[in-house]
Amino acid sequence: MKLKKQVTVCGGAIFCVAVFSLYLMLDRVQHDPARRQNGGNFPRSQISVLQNRIEQLEQLLEENHQIISHIKDSVLELTDTGAVSPSGQLPFRSANGSWVLPFDGRPTFLSVKPQDCQFALVFLVMLDVYSLLSFDNVDGGVWKQGFEITYEPTEWDNEPLQVFVVPHSHNDPGWVKTFDKYYNDQTQHILNNMVVKLAEDPRRKFIWSEISFFVKWWESADAHKQDVILILGGQLEIVTGGWVMTDEANAHYFAMIDQLIEGHQWLEKNLGVTPRSGWAVDPFGHSATMPYLLKRANLTSMLIQRVHYSVKKHFSSSRSLEFMWRQAWGTDLFCHMMPFYSYDVPHTCGPDPKICCQFDFKRLPGSRVNCPWKVPPRAISDANVAERANVLLDQYRKKSKLFRSKVVLVPLGDDFRYDKALEWDQQYVNYQKLFDYMNSHPEMHVQAQFATLTDYFSAVYKANGVAQGQRPPGYPVLSGDFFAYADREDHYWSGYYTSRPFYKNLDRVLESHLRGAEILYSLAVAHARHAGMEGRYPTSDYSLLTDARRNIGLFQHHDAIAGTAKEAVVIDYGTRLLRSLIGLKRVIINAAHFLIMKNKDVYRFYQTEPFLETDDRRATHDSLPQQTLIELDSSPRYLVLFNPVEQERLCVVTVLVNSARVRVLTEDGQTLPVQLSAQWSSAVQMSGEASFMARLPALGLAVFHLYDSVDSPMTLRSDTLLRLPGRSQSVRGIDPLPVRSQVADPQPFYIQSQSLTLGFSGTTGLLESIRRKDDPQEVRVQIQFFTYGTRPSKDKSGAYLFLPDGNAKPYTQRDPPIVRVVEGPLFAEVVTYYQHFQQTIRIHNVPGVDGLSLDITTMVDIRDQTNKELAMRLLTDIQSEDTFYTDLNGFQIQPRRYLQKLPLQANFYPMPTMAYIQDSQYRLTLHTGQALGVSSLASGQLEVILDRRLMQDDNRGLGQGLKDNKRTANRFRLLLERRSSKSKKEAVDSGPVSFPSLLSHMTSAILNHEVLALPVIPKKRGVPPLRTFSPLAAALPCDFHLLNLRSIQNQDAHSPSPYTALLLHRLGLDCGLEAQNPGFNCSTTQGKVSPRSENRGSLVIPMSLTLMYSAAPLSNSSIISLEPMELSAFKLKLR
């Protein structure tokens, strides 16, 4: 009733104001000579005057119609969000039982221009290729997965075959050995031998990829070796130049770019090298994100290898193994796909591995490595060179028939090859004899040589008469990706999308901390310089940033984040990540300390006396975080909240406190409503938490005061109900947090907020339905859990492979679950306890992004299981048919299609950040805080694999199963959106382009970049005055994501230069979904932004993505303009 009265009074007041305004305007018209003149000469009779007034009134009413409508909409919106409650008033329950909150009442707007939702289309898409292929796996003869290749001997008479043999050594920065053990045992010897052996003959060439290893070697190499490297020139090529050869399924584009920048910046500074070609021979499937990132870094070509054998066969038969790999929005890069099974020597010289193995001279008789085909290599001599050269040339010719030019690439290497000086001699000397013979016999019509990768690509471009990186005439254009990968039979590498989810989650936490630390550090150093206080600020924290960049970069390696390394190696990765997480928290705390000081003159930094505490702590690399306890008394405790998102944020913040009488004030003294609830250590044991709603500046720091106060009327206790399965349970509450309990019944039960009503099963305690406040329709969204076993045959699931024993079986346990229902003014949640998982579904009762989706945490522990995989399935009535959508690297969306002709495991795909299904009415998006495997096995379904425990190796070289499972918190947000009425008319198809909505992008951002709550440590001398820090002079357009603000290193590598790298990404949007109030002012600008107003830069230089190439500095009046989906980098001198 109280709410209705307020709305009535408010509405009446607006009506009165509107009528009075109209009267004044009308009166003004009557006394305005200009208006009167325009109105003509009126009769003086009262009726005529009245009639005239009525006509003018109607005209004015029409003019003001939109203003009145806007006011009305605002009133309705404020009513819906509970914002009409004046500040300082208590939260209260409305007639329908939902809580209404006191709110700051600031109006917000959402303005997205139609021009910001238009995109280009593409040519051939991989989705269509998969539909065409039969995936029949017919025996192809010597090339088992291909076909017989024939040629006419005269084909090269007019244009000789050019053969480029590229020696390489694939060095995994951790797999069956740790990074350091690989380096000590093998990698340092490879690089040491390389220096000696390349110098012996200028015709010798070599390529190197992993900069992490190269840096470790360089730092211990003597000056002579370093000098040799610098003069080797065209003999040694650095390919890709990333810190690692990154995984492409689970890695997030932030980390993919960061490891690329780290490698390229080191190369530029130490070697003066700029990579030109990409080399990715071992990632288990390939993402379309990679060619875009390489293109933005100014590379001109790339090579890939691990692609489904049926796709390779199809591309080979149509001579499409070289193509322009195009993005849906138009950018493309020239790509070479290797045609055969592997990147080792037996599978690279041509289609017959039995013959190619005879030209792997490391396998000469007497070696520990031999040829499985039982025909060993023979050293090349004058007696056999003619026969051997002709046998090898036959393979080269057959391989070249799969390509469109008479230029053939022959990689020569394998994992950790060339670690012995003997192998360098065996390979280079024998091959040089073969080359010399071929080249000296014109009748063979071949020119063969050692080469680098770019030598090969340059020859292809030259043969086709085009510039570097340009599309050769007639070459195909392709869009899409190459997942899922199968190397033989039905062995799909779709298990590693989920393997070791604990570390996949830890990686995402590290990435958010690294980004936050980079931004705050760059801003703090710039402010310190501006204030002349650089000497007092701990700029040495830069070394902590470098350490974190490199450890996170190392973890992007395709055996690290993939979860496919040995247990001891996983421990090594985890230890490195934890060390970096602790370091990053220190960087954040030190920067926040400086930036929130009201008076910088009193700023003092003491290494041993931190000003702030961290938000949480992890005891070990494989344990879950424990929140920091804030101990309260009558004097204020200060709390600093860091918002890492580039938009203002209205959200619920929860802190752990030791008092139920907590009072929370804003910086300006306004008391905030607090929901006091319990932190549960088990299903029936708890301690206390305080939650409050905070509005935080974009990329900023806000200060709050916390007290233990007897007078805390704004602190309300949660209502907690335990639904017990009929058996007696002792429930231990803590005063004053009483807990009610009841025997569960099978009837559904509900929780609600201002935006959402959720229905739950009375039997399972799991979600059953969602209803949005603006939608009369309740939408079925059921959560169910399933388990997969592994097949009984010799080939079983392992770290890489998913080989299930049929369809999933429903998860069952003997006893019904305990279910906890918590309700309060700021959030409501349902927690369901099962033996192997505990699921928390929470909704926040706040306006905007934070209140429009379901916050889901699924705590999984399957350590007592054997050969089981736990899956969470969403079942809905959405008519998605066989189509679903998953993201690639958190950067773009890839449409998927469930293919009945493929086995179940082939229909799973990587989900680094989101997956969705949709029809003409709804879109349901599952946002994830860690990479996992996902599929849609039937219309209206989404299914995600949460964890896998497998007792055996899957025969891909690891030699172990997955038995080191951890108790893992899988984080999600579930967002239900409705299509706008005009877009319902347009058919929702499975075309090559799809994008998240603006709300979906924002939901992903708040899930992956949580607010950090940093308590100020009490000081004996008292805490100096603090103030909110808000770095942006103006709001960024809300379709811009600030990917990073990265300090660039100085020459000494331990301190920052005066320059900072700004990385911006303009998001691609689907504007066909109903716009929701985001809780802050949000507008788009057709991709235009002023760098100076946004980031306080005094100098702005456009750069390539990895900062190796620069354009002319922008003038003072310049505007940065980005196309949809464009990623751009700039070098700033912050002031």
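Mentor: Lys809 has a relative accessible area of 43%, so this residue is partly exposed (buried means under 20% relative accessible area, exposed over 50%, partly exposed in between, with a 1.4 Å probe and protein chains only). The model is predicted: local features need pLDDT of at least 70, side-chain atom pairs count only at pLDDT 80 or more, and totals for chains, interfaces and linings use all residues. Residues are numbered from 1 along each chain as its sequence is written, and side-chain values use heavy atoms, with hydrogens and water left out.

The side chain of Lys809 meets that of Asp805 in a salt bridge, at 3.9 Å from N to O (a side-chain nitrogen of Lys or Arg within 4 Å of a carboxyl oxygen of Asp or Glu). Asp805, at 35%, is also partly exposed.

Another salt bridge joins Asp815 and Arg814, with 3.9 Å from N to O. Asp815 is partly exposed at 36% relative accessibility, while Arg814 is exposed at 79%.

Arg948 and Glu869 also form a salt bridge, their closest N and O atoms being 2.9 Å apart. This pair links distant parts of the chain, 79 residues apart: Arg948 lies in strand E44 (residues 941–949) and Glu869 in strand E37 (residues 868–876). Strands are DSSP runs of at least two residues (E), numbered from the N terminus. Arg948 is buried, at 1% relative accessibility, and Glu869 is buried at 2%.

Elsewhere, salt bridges with shared partners join Asp360, Lys362, Arg363, Arg417 and Glu423 into one network. The whole structure holds 63 salt bridges.

Terms used: Helices (H or I, at least four residues) and strands (E, at least two) are DSSP runs, numbered from the N terminus.
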